[in-house]
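I opened this model to take notes on its overall make-up and then on a few local features.

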Amino acid sequence: MYTKENLEKRRSLKFDKDLKKSIKEFGDIYERNEEGNIDQKEYVRVHMKITKILHGNDSIIQDEQLQEMAKEDWKKDAKGGPFMDNEMLFDALFELVDIWCRTCSSKEYIMFLDSLKLKVKHPGAYDPNAYSVLF
C-alpha cells in the first residue's frame with residue numbers, strides 16, 4: 001500500500017467522482033448548524049458510532065476513551081477551529097476510508113463507505129453474519 005505508485009493512486013482517488021459522491025452522502029449523516037457546519041459535539045457523536053462499528057461493539061474500549069479519541073481527531077480534522085466545513089469533513093472521511101481499505105480501488109472505498117453508512121444510520125438492523133464492513 002505504501003509504494004510510490006500506490007500512494008499516487010490513493011491520492012488520485014480524492015478526485016474520483018463516484019467516491020466524492022459517496023463521501024458527500026456519508027457526510028449527510030451529520031447534523032449541521034445554520035451555516036452548514038458541524039460542531040465538535042456532533043463530530044464526537046458520529047465518531048463514537050463509527051469507532052464502535054469498526055472495532056466491534058464488544059470492544060474493550062470504554063466510552064470515555066472513545067470520547068477522548070474523538071476529541072483528539074477533532075483537533076486535527078477541524079484544524080483547531082470550532083466547526084468543520086464540508087471540505088474538512090471530506091478530508092477526514094477520505095482519510096478514514098483510506099486507512100481501513102486494503103486496496104487502492106474506488107469500488108472498495110465506496111463499498112466500505114456505503115456499508116458503514118448503513119451501520120451508522122441503522123445500528124443493530126443488520127445481520128453481522130451476512131457481511132462485514134471490514135471485508
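Entry 1, the chain. I noted at the start that this is a predicted model, and I then listed its elements, finding 6 helices and 2 strands, which run α-α-β-α-α-β-α-α from the N terminus on. I looked up burial next, and of the 135 residues of the chain 39% count as buried. For the surface I found that the chain exposes about 8600 Å², of which carbon and sulfur atoms supply 53%. I also checked the contacts with a separation of 6 or more, and residues 24 or more positions apart account for 59% of them.

I followed α6 over residues 106-121, and its 16 residues reach 22 Å from the first C-alpha to the last, close to the 22 Å expected at 1.5 Å a residue. At its N-terminal end I found Ser 105 as the cap, with a side-chain oxygen 3.2 Å from the backbone nitrogen of Lys 107. I then went through the buried residues of α6, among them Tyr 109, Ile 110, Phe 112, Leu 113, Leu 116 and Val 120, and I noted that Lys 117 and Lys 119 are buried too. When I asked what covers the buried residues of α6, I found that the cover includes α1 (4-12), α2 (17-27), α3 (40-55) and α5 (86-100).

I stopped at Lys 79, in the loop between α4 (63-77) and β2 (83-84), as Lys 79 has a positive phi of about 55 degrees although it is not a glycine. I looked up its accessibility as well, and Lys 79 is exposed, with a relative accessible area of 57%.

Conventions
Residues are numbered from 1 along each chain as its sequence is written. This is a predicted model: local features need pLDDT of at least 70, side-chain atom pairs count only at pLDDT 80 or more; totals for chains, interfaces and linings use all residues. Side-chain values use heavy atoms; hydrogens and water are left out. Helices (H or I, at least four residues) and strands (E, at least two) are DSSP runs, numbered from the N terminus. The expected span of a helix is 1.5 Å times one less than its number of residues. Buried means under 20% relative accessible area, exposed over 50%, partly exposed in between (1.4 Å probe, protein chains only). Contact means heavy atoms within 4.5 Å. A polar contact is a pair of N or O atoms within 3.5 Å; within protein, one must be able to donate a hydrogen and the other to accept it, and residues adjacent in sequence count only if both atoms are side-chain atoms. Accessible areas come from the Shrake-Rupley method with a 1.4 Å probe; for residues, only the protein chains shown count as cover.
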